[in-house]
Structures are given as C-alpha cells and as structure tokens.
Number of protein chains: 2
Amino acid sequence: MAPTSETLTAERILEATEEVLRRHGPAKATVVDVARALGVSHGSVYRHFRTKAALREAVTKRWLDRTSEALSGIVAEDRDPEGRLRDWLRTLFEAKRRKAGDDPELFATYTVLTDENGTAVGEHLADLTAQLTRIVRAGAEAGSFETTDPEATARAVFHATGRFHDPCHAREWERPGVEEEFTAVVDLLVRGLRGR
Amino acid sequence: MAPTSETLTAERILEATEEVLRRHGPAKATVVDVARALGVSHGSVYRHFRTKAALREAVTKRWLDRTSEALSGIVAEDRDPEGRLRDWLRTLFEAKRRKAGDDPELFATYTVLTDENGTAVGEHLADLTAQLTRIVRAGAEAGSFETTDPEATARAVFHATGRFHDPCHAREWERPGVEEEFTAVVDLLVRGLRGR
DNA sequence: CGAATGACAGATATTGAAATCTGTCAGCTG
DNA sequence: CAGCTGACAGATTTCAATATCTGTCATTCG
C-alpha cells in the first residue's frame, strides 16, 4: 500500500471508491472512507467530484463501460450476422450471470448504483442497442434478416431478451433450465428475424 | 359499516386485510389493524390464519387469481390462435399497466406481497404459461404455428414479453413508445412462431 | 362446547438524542 | 499560487430505550 504519495487524480479516486464500495457496500461507503483509503482529507476528493452522487455516477459509468467494451469486439467481427447476434446475446448473458453468481454482494452493490443512476444506465442501454442495431443492419443488408427498421428491431430483440441480462432477474439466472430458456427465446427471435 | 355482526369468516378477514393494506401499505399493515377493522380481537384472526405470513399469502393468491381469470376467457375463445395470442398478451400488458398506473401505491403494495410470496407467484406463472401453452398448441395443431414443444415455446413467448408484464419493469410502462415496443416484440415473436 | 378474548413472552418497529457525514470555504503549505 | 486541509453548519445515520406487534393459550362467553 506504499504509493499513496502519487498525485491525487480522478482515476485514483475512482479506484479507491470501487474498493470502498466492495468493502463496505453501497449503504455504508462514505466519501470520508474514500479519503481515508487514499490518505487525504475528504475536502480533496470534493476538488475532483462535485458531490458524492457525481462520484458514484462516475464509478457506475466505468463499470457499465467495461461491459460494453467486452461486447463491441463481437460487433466488429467479420462473420455471418446471425452467428454474431447469437454470440453477442450469449456473451452478454454469460457475463451478467457470472458477475451475479461469482460475487453476489458486489453485484448487489452495482445494482444499487445503477438504480440510483438512471441517466448512466440509459446511456449504457443506448450503447448496447446501438451495437445490436449494427448487427441487425448487417443482417438486413446481407439478406439474412428481414426488417424495415433495424433500430426498432434491435430494440425488440434487446427487450425480448431482457430476462437474461436485466439485473432485476438476477435471481433467476441460477435456476436449472435457464440455459434452455435462453436458447428457446433466442431461437424464436432468430426465426422471427429471418422472416418467411 | 353496520354488518360487523356477521360471523367471522376467512373471506371477511381477507377483505378487511385488503382494505388495511390499501390504507396503511404493506410495511405498516398489522394483524391488530385487521382485527380492529373487523371489530374482533387479533386472536380471532389467528383462528383462521396460522400466521401473518399465511394471511398475506392468501391475499396475494386472491389478487393473482383475479388476473388469471380475466385472461382465461381469451384462451377459451374459438378463433385463430395468432389473434388469441396477440390479444392474450395485449390484455395481460394492458391490465398490468392499468393497475400500475391507476393506483401506484396499491400496485407497490402488491409488488411487495408478491416479492415475499415466491410460491404463490410461481403457481401463478405456471398457470399463465399453461394458458399460453393451450393457445400455442392450438396454433401448432391448426398449422399456423411451427413448434415441436408447445410448452417450451409458450414459456419462451412469456419470457420474451416479460418486460411488458413483469412488475419489476412497471416504471417503463408509462414511457412514451412502450406501445410500439410491445408491438415490435410481439410481431417478431409471431413471425418466429409462424416459422418459414 | 365451540368460538372469541385478552394477558403474556419474545420479536420487531419506532423514536429521539448523539454521532457521523456531506459539502463549503478561509486559510495553510510546499 | 495550486493544491490540500480541517473546522463548520446542516443533513443524515446510528443506537438504545420504548412501544408495538406476533403468536400462544388459559379462560370467558353465548
């Protein structure tokens, strides 16, 4: 724990905040705790983040962005759109399920954070549906998907698979049979995308 | 408010409990309140329901059953399965949305109740998917739907439309554009059901 | 005699006083 | 002088004392 002597940067504060959230949970993580973890006064933290809410929002954004990045690779791949769509949805599902299953407390912490940061979540969802839209549009152009409005269709796919990525369904991700349920939903959607 | 003199029956207790829940909310509704509303001692209530939890579960069941009954009519109709499927889903969506929109507090109360009564909810969901299965099977037999496993397919349809009936998405039901989102999802699913 | 009561023990919830936290800012420090 | 500090006011949280509730059951009532 030596290099506390480095200059205080927003990045270091965010890292310390994540650690404090991990240790104390969302209800008891205070700005004072973050400052203490960094060996500075809490006033210094307020030099980088106007409010506690802003600090928590920044942490939330970082966390959400990490998910987006992991998925954007699949969008950029050069393969058949149907395969990419299936992989994208499966990767999203698996990532969420792993996070919720491996460290339930941390996942609960981030669920609280996302609940209080509707704006950041909204941007994240816009980001994800934009990714999906690219895949759907590629499929439409390749003739493998049939749609007049790729964006609306992508949103429909995203909403229809909500059960497998929306945190409010996290409890159900451990139940036996979810795998099959996920596959059934995706199969049905892909058949719908292919059209007649 | 005269006929308090009738004999104390489980039915009357349930009605009083609903009223107390409506007035005080789920956190502050006590068995003592229910007894007071009925003009009896709380000991008498315990003669009909072993615990407070059992009483709340019974109230929850009643509420959920009312929804099921409203939908079962559509299942029994003698029309094309696709139309029945669309109407069934739309009716479910509209009913939930109306309940959540018209009396948000009461809806929140029942959301708390359903959260604490996983078993009753499970039975309710089994009931609803059984209804859906009947429609899907009728469609398969009529040749308008293509599926090897009507029950699994019905569950997939139910899960895919979760955003439009699961209480944890209630906030989103008031947003502009949900109508279109609902239609987009249902259209996609119906196309998937029709097969090639 | 069956149904209802109300006193009771242990569990849970409420309350208000004390402690802590948030956000600001005048002043210190390197 | 740019960045940090720590004292401060008002808001929020904690905690322990107090009140209420749950569930039981010996007793009463009709």
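**Exercise 1.** Find what share of the DNA strand D atoms within 4 Å of the protein belong to sugar or phosphate.

Solution. In this predicted model, sugar or phosphate accounts for 58% of those atoms, and bases make up the rest. Features here follow set rules: local ones need pLDDT of at least 70, side-chain atom pairs count only at pLDDT 80 or more, totals for chains, interfaces and linings use all residues, and side-chain values use heavy atoms, without hydrogens and water. Residues are numbered from 1 along each chain as its sequence is written, while chains are lettered from A and ligands numbered from 1 in the order in which they are written.

**Exercise 2.** Describe the protein surface near DNA strand D.

Solution. Start with the residues (near: a heavy atom within 4 Å of the strand). There are 14 around DNA strand D, and A:Ser41, A:Ser44, B:His42, B:Tyr46 and B:Lys52 come nearest. Next, sort them: five are nonpolar, seven polar and two charged. Gly counts as polar and Tyr as nonpolar in this scheme. Then assign helices (DSSP runs of H or I, at least four residues). H3 of chain A and both H2 and H3 of chain B each supply at least two residues. H3(A) gives the largest share, four residues.

**Exercise 3.** Locate polar contacts to DNA strand D (N or O atom pairs within 3.5 Å).

Solution. Take the phosphates, then a base. A:Ser44 places a polar side-chain atom 2.6 Å from a phosphate oxygen. At B:Val31, a polar backbone atom lies 3.1 Å from a phosphate oxygen. The side chain of B:His42 has an N or O atom 2.9 Å from a base oxygen.

Conventions: Polar contact = N/O pair within 3.5 Å; in protein donor to acceptor, adjacent residues only side chain to side chain.
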